[in-house]
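Here is a short briefing to read alongside the model. Have the viewer open and follow the topics one by one.

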Amino acid sequence: KAQLGAARITQDDAAKNLDAAEKRRDAGLATIADVLQGKTQRSQAKLIAQTIEGSLGRVRGALATAMGLPANVSFEVGDLPTEIPAIDFGNAVDDVIEKALGRRPDLAAAREAWLASQADVTAKRGEWLPKLDLAGGLNRSYYSPQPYTDKSDTWSVGLVLRIPVFNGLRNKYEIAEAKENEGRAAAQARAVEQAVINQVWASWYDLKTAAQRIETSKDLLESATASEEVALGRYQEGVGLLLDLLNAQSALAAARAQEIAARADWMLAAARLTYSTGGLTGPEALPR
């Protein structure tokens, strides 16, 4: 949406160029070539705006689908902030990585699977050890007719020692299989941990780079705006060339697009870093 707004501004600028070229031609200060160049620039600017507008509808449909809604559902997307929000991600990437290692649910699940596989190895080993069981029972019998008494109680207590002798080496292979599963789960947990660290590391520096690009793109936009204003003024006064004005306005359009892209890239990098640290999961991430 921000790029569409910038493209429409560029389209308005192109219309002003064409108007200025036509006035200069009427005054005998310009040729038909200037008017044709102005019309070409206006058509190009209009085409760019139409292309962005078409892609906007496509992206809106993809967003609706991602939210589990029909692509043709009607909804509105907010505007890109003119200033980046104040979000404190800390000053040290190691601190952010440490936070992610303690909050990422996928890493916690991988670690729990590893612990479960370790417990399974212990359980398989325990099945081959001797076992001592305590057994007890109480029986009560009733008699009818009652020759001597109406009931009698019988108690029993016993110890049962079970010693595995041979089971076709089944337990040996079960322990080996459990160890292999434990090794696989450990490798998976380490892989998830490394992936989390890499995601946080990349997102952290993407965010830092995006913040620097915002400042640079703002400076570029200011200088390109000033240059375009000077070129337009010179052309309207009859002392400048249309080619200089067109070049200045092309540079201004590119500067607008780069400044918008820098802000959008920062928002995306901030979202990726928040996700990488586990900040977009759980009840606290849901909108209130």
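Strand β1 (residues 131–142) is hardly covered, as the count of buried residues among its 12 residues is 0. Buried means under 20% relative accessible area, exposed over 50% and partly exposed in between, with a 1.4 Å probe and protein chains only. This is a predicted model, where local features need pLDDT of at least 70, side-chain atom pairs count only at pLDDT 80 or more, and totals for chains, interfaces and linings use all residues. Residues are numbered from 1 along each chain as its sequence is written, and side-chain values use heavy atoms, with hydrogens and water left out.

**Strands**
- β1 runs antiparallel to strand β2 (residues 151–162), and 12 bridges join them.
- Strands are DSSP runs of E with at least two residues, and helices are runs of H or I with at least four, numbered from the N terminus; two strands pair if DSSP finds at least two bridges between them.
- Opposite Gly137 stands Ser156 in β2.

**Aromatic rings**
- The count comes to 1 aromatic pair.
- Ring centres of Trp201 and Tyr205 are 5.0 Å apart with planes at 55 degrees, so the pair is tilted.
- Rings of Phe, Tyr and Trp (its six-membered ring) pair if their centres lie within 6.5 Å; planes under 30 degrees apart count as stacked, over 60 as edge-to-face and the rest as tilted.
- Both Trp201 and Tyr205 lie in helix α5 (residues 170–236), 4 residues apart, about one turn of the helix.
- Trp201 is partly exposed at 41% relative accessible area, and Tyr205 is partly exposed at 38%.
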